Amino acid sequence: MEVAAWIVVLVTAVLVVSAVSDRIGVAAPLSLTVVGIAASFVPSIPDVPLHPDVVLLGLLPPLLYSAAYRSSLVDFKANIRSIGLLSVGLVLFSAFAVGLVATAVLHIPFAAGLALGAIVGPPDAVAATAVGRRIGLPRRVTTLLEGESLFNDATSIVLLRTAIAAIAGTVGVWQVVGSFALSAVGGVAIGVIAALLAKFANRRVTDPIITTGISFVAPWVAYLPAEEIHASGVVAVVVMGLISGFKAPVEQTALSRMSARINWNTIQFLLENTVFLLIGLQMRWIVEAAGHSPLGWGTIGLACAAVMATVIVARIVWCLPSAFVAVRVDQTDTHLSARETAVLSWAGMRGVVTLAAAFILPSTVPHREVLVLAAMVVVAGSLLIQGSTLPALSRFLKLQGPNARTDALQQAVVMRSAINAGIAALDAMAADENCSVPPEVIETLRERAETRERGNWERLGPEAKDTPNAQVRRARLQMLQAEREEVLRLRNTGQGDHEVLQQVLFSFDIEEATLTVVQTRNERVAVAELLTPPRVSGECEHMRVNDGFDDPTPLSTTCEECRAQGLDPVALRLCLSCGHVGCCDSSVGKHATAHYEVTNHPLIRSIEPGESWRWCYMDEILK
């Protein structure tokens with residue numbers, strides 16, 4: 001009973017602190033760590049030892065699977081070299097640097113110092129992305145951070161096991177090479193097999209409850225067999241998550257995907273935030289254990305500070321060449337700027353895997369209690385120092401995350417392409433003499449498709465506050481409220497079967513959720529507009545001036561840059577200043593935007609058949 005009560009208190013604390021953090025604009029991992037550290041020194045709070053198996057077997061697989069499932073397999077494959085340099089190269093570099101420093105300060109065998117280096121080497125996926133999402137890092141940076149955090153734990157765990165074996169004197173060079181090879185190859189193989197098993201199950205089961213249950217056990221289906229053959233369970237889970245997320249749109253029903261998304265969001269939220277509260281709760285007993293060390297507190301403090309500084313400096317040194325490494329986002333290769341490299345090098349927060357790995361150290365390791373304290377200092381220090389200053393650094397360097405209005409424009413273009421494909425299917429039905437769909441139904445569907453397309457473009461215009469589609473959404477939401485109240489009246493008066501009434505209410509919920517998502521997305525665009533310099537009456541001066549002139553003659557009939565590079569443009573845009581023809585942002589080259597960045601010519605116009613809209617890059621206005 002007491003254990004159950006403390007679990008309720010733990011989860012309640014997570015919910016309250018997370019809600020308050022969101023209200024005051026602070027990343028929840030930072031607040032929870034501070035609260036946990038403070039609570040650990042309260043006499044009435046019991047010790048909550050974080051057993052390694054709880055983390056490595058209970059928490060790590062679902063967190064990794066969730067992160068990998070939401071990541072882009074396409075972006076990962078395109079950036080595998082850059083991600084490998086961070087998830088493997090940086091972990092090894094940091095581990096050896098920390099090993100040398102710990103050996104010199106604590107006078108321990110290098111293998112023990114290397115074990116500590118392997119423990120503190122990998123940054124935490126949850127901490128970096130949680131802070132990054134709040135401050136809005138550029139996509140190039142988040143792509144590398146997310147890719148790095150998926151695989152660096154595998155490197156760390158294999159290196160730690162090797163170092164522990166070296167302490168016992170039972171490891172050779174070829175064993176080290178074999179361990180890394182088995183970890184990588186075996187992990188990938190198990191991950192692919194697990195993904196195939198999930199595919200087999202999802203194609204034969206359509207019940208969203210069962211498919212969601214399958215996704216809950218999926219991380220351990222990959223992790224446990226991989227660990228059993230001494231391969232990397234981390235790699236297996238990540239590979240399975242990447243493949244499953246990539247294949248989900250064609251292997252699962254829409255209801256299954258919705259159910260899994262909602263349930264996984266809840267589970268991920270609770271696990272992520274509970275982890276950071278548990279980290280803080282470890283502080284008191286770790287400090288008390290270190291107090292029994294024969295080393296004085298002066299030496300212990302020096303060792304902890306030296307390890308913390310080494311971890312920070314090693315990442316900065318390793319990340320400097322990142323400015324010369326191409327990063328691919330949206331099929332475009334770009335290099336990190338100096339400002340982006342600075343943020344990448346500072347986003348090295350450690351997390352629960354570091355602390356759990358420290359507890360794996362055998363009791364025979366020299367000064368084990370001091371090494372565990374050093375790991376705790378790195379975790380807490382990186383969260384509180386780097387995590388709390390990363391937003392300020394990003395603001396100081398004037399880094400901006402993805403622009404909501406630019407994203408909305410790209411979404412409108414993508415949706416137009418998809419809607420055109422749907423209309424083409426309607427045309428094929430209409431032309432088919434054997435088609436059983438009446439012409440009036442086809443025409444109704446065509447009108448609905450055109451209405452959806454107009455909605456995407458309307459919210460980009462200068463008067464997008466109260467568009468016809470926005471009015472329709474508001475009216476439909478009011479209708480849904482009235483319809484729901486009537487169904488509830490029937491339920492409360494005992495009219496109608498409960499199951500039937502619940503199905504009707506569920507259909508209302510799905511429609512309301514769709515309308516609400518659209519409204520929230522529009523609000524993001526509105527907020528982005530508020531953050532840009534104000535414009536008089538929402539007008540674009542560039543468009544007003546351009547209204548008095550004819551469009552320039554196009555200098556070519558296609559994107560010449562694409563032709564020179566052997567690329568195929570998706571759609572063409574005409575520069576209204578000089579007549580340059582470039583490809584759109586959905587194309588690989590994005591040459592229309594590149595032309596603007598070089599010339600500062602503000603206006604473009606679509607020259608696709610049936611399109612005449614204009615876009616101002618400077619004011620981000622569509623007309």
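Entry 1: I started with Asp-509, which counts as partly exposed at 40% relative accessibility. This is a predicted model, so I kept in mind that side-chain atom pairs count only at pLDDT 80 or more.

**Entry 2: who Asp-509 pairs with.** I found the side chain of Asp-509 in a salt bridge with that of Arg-484, at 3.3 Å from N to O. Asp-509 sits in helix α21, which covers residues 498–531, and Arg-484 in helix α20, residues 468–492. The two are 25 residues apart, and the pair links distant parts of the chain.

**Entry 3: the arginine itself.** Is Arg-484 buried or exposed? I get a relative accessible area of 14% for Arg-484, and the cut-off for buried is under 20%, so Arg-484 is buried.

**Entry 4: a second partner.** I then checked Glu-512, whose side chain also meets that of Arg-484 in a salt bridge, 2.6 Å from N to O. Glu-512 lies in helix α21 and Arg-484 in helix α20, so this pair ties together parts 28 residues apart in sequence. Glu-512 is partly exposed, with a relative accessible area of 29%. I noted Arg-484, Asp-509 and Glu-512 down as a network of salt bridges.

**Entry 5: salt bridges overall.** How many salt bridges are there by this rule? The count comes to seven. Another one I looked up joins the side chains of Arg-315 and Glu-148, at 2.9 Å from N to O. Arg-315 is in helix α14 (residues 297–319) and Glu-148 is in helix α8 (residues 139–167), so the pair ties together parts 167 residues apart in sequence. Both Arg-315 and Glu-148 are buried. A reminder to myself: side chains of opposite charge can pair when their charged atoms come close.

**Entry 6: aromatic pairs.** I searched the whole structure and got seven aromatic pairs. One of them is Phe-96 with Phe-110, a tilted pair with 6.0 Å between centres and 35° between the planes. Phe-96 belongs to helix α5 (residues 80–106) and Phe-110 to helix α6 (residues 110–120), 14 residues apart. Phe-96 is partly exposed at 39% relative accessibility, and Phe-110 is partly exposed at 33%.

**Entry 7: a Phe with a Trp.** Phe-216 counts as partly exposed at 26% relative accessibility, whereas Trp-264 is buried at 9%. Phe-216 and Trp-264 also belong to one aromatic cluster with Tyr-65 and Tyr-69.

**Entry 8: the whole protein.** I left the totals for last. I have 24 helices and seven strands written down. Of the 623 residues, 46% count as buried. The protein exposes about 30300 Å², and carbon and sulfur atoms supply 64% of that.

Key: Residues are numbered from 1 along each chain as its sequence is written. This is a predicted model: local features need pLDDT of at least 70, side-chain atom pairs count only at pLDDT 80 or more; totals for chains, interfaces and linings use all residues. Side-chain values use heavy atoms; hydrogens and water are left out. Helices (H or I, at least four residues) and strands (E, at least two) are DSSP runs, numbered from the N terminus. Buried means under 20% relative accessible area, exposed over 50%, partly exposed in between (1.4 Å probe, protein chains only). Accessible areas come from the Shrake-Rupley method with a 1.4 Å probe; for residues, only the protein chains shown count as cover. A salt bridge is a side-chain nitrogen of Lys or Arg within 4 Å of a carboxyl oxygen of Asp or Glu. Rings of Phe, Tyr and Trp (its six-membered ring) pair if their centres lie within 6.5 Å; planes under 30 degrees apart count as stacked, over 60 as edge-to-face and the rest as tilted.
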